[in-house]
Structure formats: C-alpha cells, structure tokens
Amino acid sequence: MNYWLAIVRERVFMGIVETGLFGCRDPECGLLMTRVRPGTRLVLFVSGFGCKSYCKSFVGVFEVVGDWVKAGKKLNDWSHVVEVKPIALGRVELGSIASKLSFIRGRRGITEHYTV
C-alpha cells in the first residue's frame, strides 16, 4: 500500500471532507496521476496559511477509491480529481510528534522538504 503526504490549506481540507474529492492542478497532475491510484492512502496535513482550527496539523488519512477524471467544475482550481473516502479523521499537531518523524528531523518544518 502506498502513502502520500498531501499538504493542503484548511479550506481545501474541508472541501475534501464535504465532497469526497481530492485533486490537482496542471501541470503538477502528471506525476501525481501516475502514482496515486485506487488503494493509495493520502495523509493530509493542513499548512499554516489562512487557517483557523487545524493549523500545522495532520488531519486525516483518505483512501483513493476511484480513478482520476477531468474536473467537471472548478473546485479549488483543480483540473483533475479523484474520489477518496476517509479512513481516519482527527487532529494531531505537528509540534507534538515532530521529533518522532524521521522525515522531519533536522528541518525547520514539514513544508521545507515536502509539498504535494
């Protein structure tokens, strides 16, 4: 099973929960669409930009349950979307677990190295 870390804004996270869709914008879709397939799990992290409740926190794990399709309407400026279902929802602040995450050690923050 593949896991991908997706860093999103809070409003985007709320939209994913409401619609059951995760997406990407051109031109970044190419790589994502070839690697994120049904069964892939997306670990969502809310960045600190424009957030109120979930700032700098892991907020859920979603499983991809569909195939990528061209977005019928503009949702978060995504050109392609895939159906997802929540596996686990909840808030875990980065600061409370950062020292336990090997991919963060020695970095100033999660976004210094990873962006999806």
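Which residue in strand 3 is the bridge partner of tryptophan 4? I looked this up first. The partner is leucine 42. I note that the model is predicted.

**Entry: strand pairing**

I followed strand 3 in both directions. Strand 1 pairs with strand 3 in the parallel sense, over 6 bridges. On to strand 4: strands 3 and 4 run antiparallel and are joined by 6 bridges. Here I picked out leucine 44, whose bridge partner in strand 4 is glycine 60. I then checked cover.

**Entry: helix 1**

I went to residues 10–19, which form helix 1. Its buried residues are Glu10, Val12, Phe13, Gly15 and Ile16. What do they pack against? I found strand 1 (3–8), strand 2 (21–24), strand 3 (41–46), strand 4 (57–64) and strand 6 (80–93). After the helix comes glycine 20, with a positive phi near 75°.

**Entry: cores**

I asked how many residues the largest nonpolar core has. It has 25. Ile16, Phe22, Leu42, Leu44 and Val84 have the most contacts inside it. At least two residues of this core come from each of strand 1, helix 1, strand 2, helix 2 (29–35), strand 3, strand 4 and strand 6. Another core, of 5 residues, lies apart from it; Leu5, Ile7, Phe45 and Leu94 are among them. As background, I note that nonpolar side chains tend to be buried together in soluble globular proteins.

**Entry: phenylalanine 22**

I listed the contacts of phenylalanine 22, leaving aside neighbours within four places in sequence. They include Ala6, Ile16, Leu32, Leu42, Leu44, Trp68 and Trp78. His80, Val81, Val82 and Val84 are also in contact with phenylalanine 22. Phenylalanine 22 has a relative accessible area of 5%; the cut-off for buried is under 20%, so I call this residue buried.

**Entry: aromatic pairs**

I counted 3 aromatic pairs. I looked at phenylalanine 22 with tryptophan 78. Their ring centres are 6.0 Å apart and the planes are at 50°, so this pair is tilted. Phenylalanine 22 is in strand 2, and tryptophan 78 is in the loop between strand 5 (69–70) and strand 6, so the pair ties together parts 56 residues apart in sequence. Tryptophan 78 is buried too, at a relative accessible area of 7%.

I turned to phenylalanine 45 and phenylalanine 58. Ring centres: they are 5.0 Å apart, with planes at 65°, so I log the pair as edge-to-face. Phenylalanine 45 belongs to strand 3 and phenylalanine 58 to strand 4, so parts 13 residues apart in sequence are tied together.

How values were computed:
Residues are numbered from 1 along each chain as its sequence is written. This is a predicted model: local features need pLDDT of at least 70, side-chain atom pairs count only at pLDDT 80 or more; totals for chains, interfaces and linings use all residues. Side-chain values use heavy atoms; hydrogens and water are left out. Buried means under 20% relative accessible area, exposed over 50%, partly exposed in between (1.4 Å probe, protein chains only). Helices (H or I, at least four residues) and strands (E, at least two) are DSSP runs, numbered from the N terminus. Contact means heavy atoms within 4.5 Å. Two strands pair if DSSP finds at least two bridges between them. A nonpolar core is a set of buried Ala, Val, Leu, Ile, Met, Phe, Trp, Tyr and Cys residues joined through side-chain atoms within 4.5 Å. Rings of Phe, Tyr and Trp (its six-membered ring) pair if their centres lie within 6.5 Å; planes under 30 degrees apart count as stacked, over 60 as edge-to-face and the rest as tilted.
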